[in-house]
Every structure is written in structure tokens, then in C-alpha cells.
Amino acid sequence: MGDLIEVVGFKEENCVNCHQCIAVCPVKVCSDGSGDVVKFNNHLCIGCGRCIEACIKSHGGNSKKSARFPLDDADDFIRDLADKSIVALIAPSAGGNFVLPKLITALRRLGVTAVYDVALGAEITVDCYHQLLESGRVKPPLISQPCPAIVKYIELIYPNLINHLAPTGSPVHDLAVYVKNLHPDAELAFISPCLAKRREFRDSKMVRYNVIYQSLNNLLKLRGINLAELEDGSFDNPVEAGQAIKFSMPGGLKEAYLHRYPTTPASSITRIEGPVVYDKYLPQLERAIRKGRTDLPQMIDILSCEHGCNMGAGCINHFDPLHSVEMPIAQRAEQALHDEAMTVARQAFLQETAHLHDFSYNSYRDLSSRFDLSIPSTDELNEIFRKMHKTEDKDFRNCAACGYNSCYFMAIAIHNGLNKGENCHLYQEKELLYEQSELSDMIARLEVLNGELQQEFSERKQQEQVLVQNSKLAAMGEMIGMIAHQWRQPLSSISTVAGNLQVYIDLDMYEKDQFMTMLSEINNHAQYLSNTINDFRHFFKPDNPQDEVLLHEVINSTMSIIGKSLEYKNVCVINDCSFQNQILTYPNELMQVFLNILKNSSDAFVENETVAPQIVIKGYEEHPYQIIEIIDNAGGITEDVIDKIFDPYFSTKGPGIGTGLGLYMSKMIVEEHCLGQLMVRNEDDGACFTIKLPVVV
Ligand code: SF4
Ligand code: SF4
Ligand code: SF4
């Protein structure tokens, strides 16, 4: 079964899955579109070559990029030219692709032994057909068989028509029979427009090489043979062909037949070519014959290609206007018919040849078992359509974008595993709509989520503000205590000076300078009290702005609030902090951080009864940060809680002493407001808090 020689090559990596090959293919099922690329099944291909042209078009006309390409015997022909006697048989359509007399010379240059005109074979074919009809050996309508693609199509799909195929050879076959007698030791090469001829030759074994015009043209270029520079050559035929020179044109057989047998009614020969042959005519013909219709023609002149063999798949004239392809062929036929002596010689030749040779041809096979399509039941069909998203009448577009002529045939292809619903135009459109609607749903859900997040965010913001406020209130309570310490000494000094003044007044001892000095002392103390109050008020001011500051000044302001309180508790503070450069930050908030840390150390000294409490404040710059370290000797933080001390509401102090917000707020201030880092570690006999602040924020 797998014995059809390949005539179409396939490069899977070049396939862009456009389905154009299926759209133009008369068989359809020889292409499998169920995967990511369209695969090709040679054993169902009739070799018409249409898919090659469609594929090249899909690649912008670039045949090198095309996934499908023609296969012929050019390589063997070129290889054997050197050491074999090869006779070339040139198809009549060559006149529409090359300048024929120059081509003959070129072939001789390539090394062929002799060159014959297949149009003479067509003259023999016409005679053979006439004899067949006259003898009644074939039941009309006689289907002409020069086109191997049509023959293969009938063998595959309409086996009932095989008996109507002419049981004599095609023009090239008939000429080959004649030439073989003249050159028994030579191999024959058909210079050809047709891919499928390769298969005919494998069946008949008459011709060794099928060399399409495209391959020959490439070979001539490769060998540097320029036809325009060559002298004219002529065929080795014993006589010239006549009207059959036009055999390669649509209706060429009919014209040649009517010319040779002028009493034949033209109406008895039907001429047909192109897509309509496959789409309509052959099924109609098969039906008409089956029904025993009496209005059938005697002969059918039938070709696969729309413009006959003149523009077949192997031609090089696909971009030329039709008239410039057909005119040289028609002109050659006209010239040949003017030569009356040649006409007489031709007739004599044909009569003689008909008796000398056997032109019969019977290599037809019923291949219809290969064409085994399963037809889906109604339920299966409905299921296929449902999966293709075809739910309403308007979904059945029959647009052929999938490559089949209707949604029904696409469903059959899917049912037989030859395609998939995803390749339907409408399916893709609906999938896109579903995706769009899913996307819209998703966007709507995201918008709701976003609203919820914003709500949550603003609630958290409010909670944070409450936390900040709480922590400030807590700090305020502590600071009132600190201020009491700050004020204790100046207030007592003021009281002492005022008491002394009272004594002097009681003793009536007025000494102006002494009074001035004492009043100035009172004034200085009052000023100190006022500054402390200012720092305090400043600290509690809401919405403190960013400011450019020297960090050690922020430490000093902090010490002006807490310093005396520490001093009262005998805490020795070593302030070794000095910076050259200002940074842009939130000084007031940083004061809160420093106060929190210093207050925590102070509480720890009391709790741990530290003998010589000490706090060291260091400051240094490590680009791009300015770093402050506050180190105490209060015994450090136990390892099991050190990771939690920045959590909100976490406190190591006894009930009612700590709020658990101080360090949490400090972390937030340093990391979220000032974009720095606040870390803690144990060091020697105490804790070390490190505050890293970016120089540029
Ligand atoms: S050569 Fe013709 S029959 Fe073969 S796959 Fe191409 S279009 Fe179809
Ligand atoms: S025409 Fe066929 S083989 Fe060529 S690219 Fe398109 S799908 Fe692939
Ligand atoms: S609608 Fe789909 S299945 Fe129908 S012919 Fe067009 S592409 Fe093919």
C-alpha cells in the first residue's frame, strides 16, 4: 500500500500552520492539521502540486522558506548525464516556459543524446483515442489520461470511473514507446511541468527521469548556460507535430482531435480543467454514469491545472501573463499546420507507427481502500460542534478558513483525527471573547480587592496614628518625671537666691551690684527652665517637618530632657558623638527614638541594680549612612526575647511599667519615616542599639 513515490517534499520546521495547503488540496485528507504543524501523507496525495504554490504564497513568495516543495528526478538525471546515454523528451508546455529551439541546444550541451518533441506523442495519443472509440473497446465517456493527478484522484476516490480511463498511454508514454525503439540502450528523461508524472513513470517503467522545468532552469544556471546566447536547435523527430502541439493547453486534446477527425461533433467532447473538476465535475460524472444517463459525452478532455500543463506545478512562468505563456505554443502549432508537405508526412508516420507499436496502458489500480473516512453520527457531530463553541446557526460560517469548504467537513476531519477544533476561525474568536470576559471579571475582582486593601490601609494608618499618640502620651508621663529632675536644681537655686535677697532686705543691706548679680542668677535659672519647656513643647508638636540637622545636636537636645534624670540616678553618660555633615531627617521623631532607648537603659539599670551604670553614645559615618550606637552596661537582653523587642505591645518591664510601644514606635520612625535601620545586639555586659540613617534620602 505504501508504494506511491513521493512528489511533494515537506520541511516541518518551515510550516506556519496556515492551512492554505488544505484549502487548495482536492483530497484534503492527505494533510493532517491536528498538531502544531500540518503534516503530509504522501499515500493519499494525488500529486497535483497545488499545495506547493499555496505554501510558497504563505511564505511571501519565498520558495526557500516554504514548507512544501516539489520532488523530481533531477539529481539522478544530472548524475547520470556524465556516463549514460540519455534521450530528452520535451513536453509541449516547454514552449511557454523557455525559448524552445534554444532549450533543445541547451539540452544537447548538457550531454543528452537526442531530443524529441512530446507533441508528436500527443498526435499518437489522439489516434489511439480515436481507434478506441471506433473499435468500441472502451465504453464512453472515454476519460483522457494525460494528467496523472486526475488518474490518481479517480483511483483513490472514484474507482467506478477507472474503467472509463483510456487504456492507452499519455503523449509522453506514447512517444517513449516510439523512442525506445530508436534508442534501445538509452534512458529517457521527460522535461516536464508535472510532478505527478514521476509516479506514472514508476508504474509504466518507460521513462527513467522526470525533470521539472524549475530543476532544469536551476541546472542551466549552475552550468552557466545562458539560453539567449545559444544557437537554435531542432528536434530529432522524424516528422513535426501539428495541432497536437497545443495539447498542453486547456482543451488542447479536443482541438487536436477535432482537427484530425473533423467530422466529429465538437459537442461530443467535454473539456474541463481546474478546481471544478474535483469539487463538482467528477462526483457529478460518476453519478450520471451510475444512473445510466444517455446524455454523456464520447470523450472528456480533462486536466487538473486551471491553465492546463502550460502553467503546471513544475513551471517557471507562474508570474507571466497567460497570453505570453500560450502565444508561443499556439504560434508553433500554426506554423506547423502551414507546412502541407509536413502534414502529409505526419499522417503517413502516424499510420505506420500505429501498426508498429503497442501503445496500450493499463497500470490503473483501485486505491479507494486508502480513502477510508469515518462519518460521525449525529450525536458525535453535535459533540464536535459543541467543543468547537458552535452553539447557534450563525456559528456555522462555512468560511473555509480551516481549509475545508464547510464546518461539516471540518467536523469530519476532526472526527477522523485530521484536525482540531482550535483551528476553527470562530473557535479562536470565541476563546478570545471568553478570555476577555474572564479578564474583565478578574479586573472587577481586583478592583474590589483594591478597595478593600485601601480601606484596610487607611484603617491601619488610623491605628498607627493612635499608636503614635499613645506612645507619645506614655512618653509625656515619663518626661514630666524627667522635667521634674531637670527643674529640681534650678528651682532650688532660684529659691536659695530669693531667700538670700530676702535676708539682705530684712537687714536693710542694699548693695546694688550684689542685687544685680543675684537677679541675673535668678534670670539665668528661669531661662534654663524656659528652654527645657521649649524642648518639651517642641517634642510634642504634631507634624514635625523634615529638617537638615547635625545628629549630635539631636542627641544634645535629647540629653537636655533626660540628662538630669540620668544624672539623678548616677548614670554616667559618655557622649562621644560628633558629625561634620548635616542630614535631612525628622529630628523630633529621632529624639523620641533616643529618649526611648535611653529611658529603657535607665529602667534596666534600676531593675538589674547595676553598680556603676554607664551609657556610651558613639557617632560615626559609613557612607551612605550616619550611624549612632547607644551602648549600656545593664546586663543585655535575654536571647529568647531579643527578636521580639520591636513587636508592638511587647515589654520586658513589670505590669504597669512599660506600654510595649516605645521600641515598636522607634523602629517605625527609623525604618519607615527616616528610611534607615534600627537594630539591637548584646555586647559585653549590656545592649547596643544601632541607628543607621541614610545621608541622602
Ligand atoms: S500535491 Fe495536491 S493532492 Fe497532494 S497534498 Fe498537495 S494539494 Fe493535496
Ligand atoms: S501551506 Fe500547509 S505546509 Fe505550507 S505552511 Fe501552510 S500549513 Fe504548513
Ligand atoms: S467556521 Fe470554522 S469550521 Fe467552519 S469553515 Fe470556518 S473555520 Fe472551518
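Student: What covers the buried residues of α8?

Tutor: Please keep in mind that this is a predicted model. The cover over the buried residues of helix α8 includes α6 (148-157), α7 (171-182), β8 and β9.

Student: Which residues of α8 are buried?

Tutor: In α8, the buried residues are K197, R198, R199, E200 and F201. Just after this helix, K205 takes a positive phi of about 60°.

Student: How many residues of α6 are buried, and what do they pack against?

Tutor: Helix α6 is mostly covered, since ten of its ten residues are buried. Among them are P148, A149, K152, Y153 and E155. The buried residues of α6 pack against α8, against α11 (275-290) and against β11 (299-303).

Student: Which unit do β8, α8 and β9 make?

Tutor: Together, β8, helix α8 (residues 197-204) and β9 make a β-α-β unit, and this unit is right-handed.

Student: Do strands β8 and β9 run parallel or antiparallel, and how many bridges join them?

Tutor: The two strands run parallel, and four bridges join β8 (residues 187-192) to β9.

Student: Which way do the residues of β9 point?

Tutor: The general idea comes first. In a regular strand, side chains alternate between the two faces of the sheet. In strand β9 (residues 209-212), Y209 and V211 point one way, while N210 and I212 point the other way. Residues on either side of β9 are buried.

Student: Is L219 buried or partly exposed, and why?

Tutor: The general idea is to count the C-beta atoms around a residue: 20 or more within 10 Å make it buried, and 12 or fewer make it exposed. L219 has 18 other C-beta atoms within 10 Å, and therefore L219 is partly exposed. This residue lies in helix α9 (residues 213-222).

Student: With which residues is L219 in contact, leaving aside its neighbours within four places in sequence?

Tutor: With those neighbours left aside, L219 is in contact with A74 and I78. The residues L219 and I78 are 141 residues apart along the chain, yet 8.2 Å separate their C-alpha atoms.

Student: Let us turn to the ligands. Which residues come nearest to ligand 1?

Tutor: Around ligand 1 there are 14 residues, of which C25, C45, C48, R50 and C51 come nearest. By class, this shell divides into ten nonpolar, three polar and one charged.

Student: Which residues are closest to ligand 2, and which helix gives the largest share of its shell?

Tutor: Ligand 2 is surrounded by 14 residues, and the closest are C15, C18, C21, V38 and C55. At least two residues of this shell come from each of α1 (20-24) and α2 (50-58). The largest share, four residues, is supplied by α2. The shell around ligand 2 has nine nonpolar, four polar and one charged residues.

Student: Finally, which domains is the chain divided into, and what separates their centres?

Tutor: The chain is divided into domain 1 (72-370) and domain 2 (449-694). Taken over C-alpha atoms, the centres of domain 1 and domain 2 are separated by 109 Å.

Methods
Residues are numbered from 1 along each chain as its sequence is written. Chains are lettered from A and ligands numbered from 1 in the order in which they are written. This is a predicted model: local features need pLDDT of at least 70, side-chain atom pairs count only at pLDDT 80 or more; totals for chains, interfaces and linings use all residues. Two strands pair if DSSP finds at least two bridges between them. A crossover is right-handed if, with the strands pointing away from the viewer, the path from the first strand over the helix to the second runs clockwise. Domain bounds come from an automatic or database domain assignment. A residue is near a molecule or strand if its C-beta atom, placed from the backbone, lies within 6 Å of it. Ala, Val, Leu, Ile, Met, Phe, Trp, Tyr, Cys and Pro count as nonpolar, Asp, Glu, Lys and Arg as charged, and the others, Gly among them, as polar. Two residues are in contact if their C-beta atoms, placed from the backbone, lie within 7 Å.
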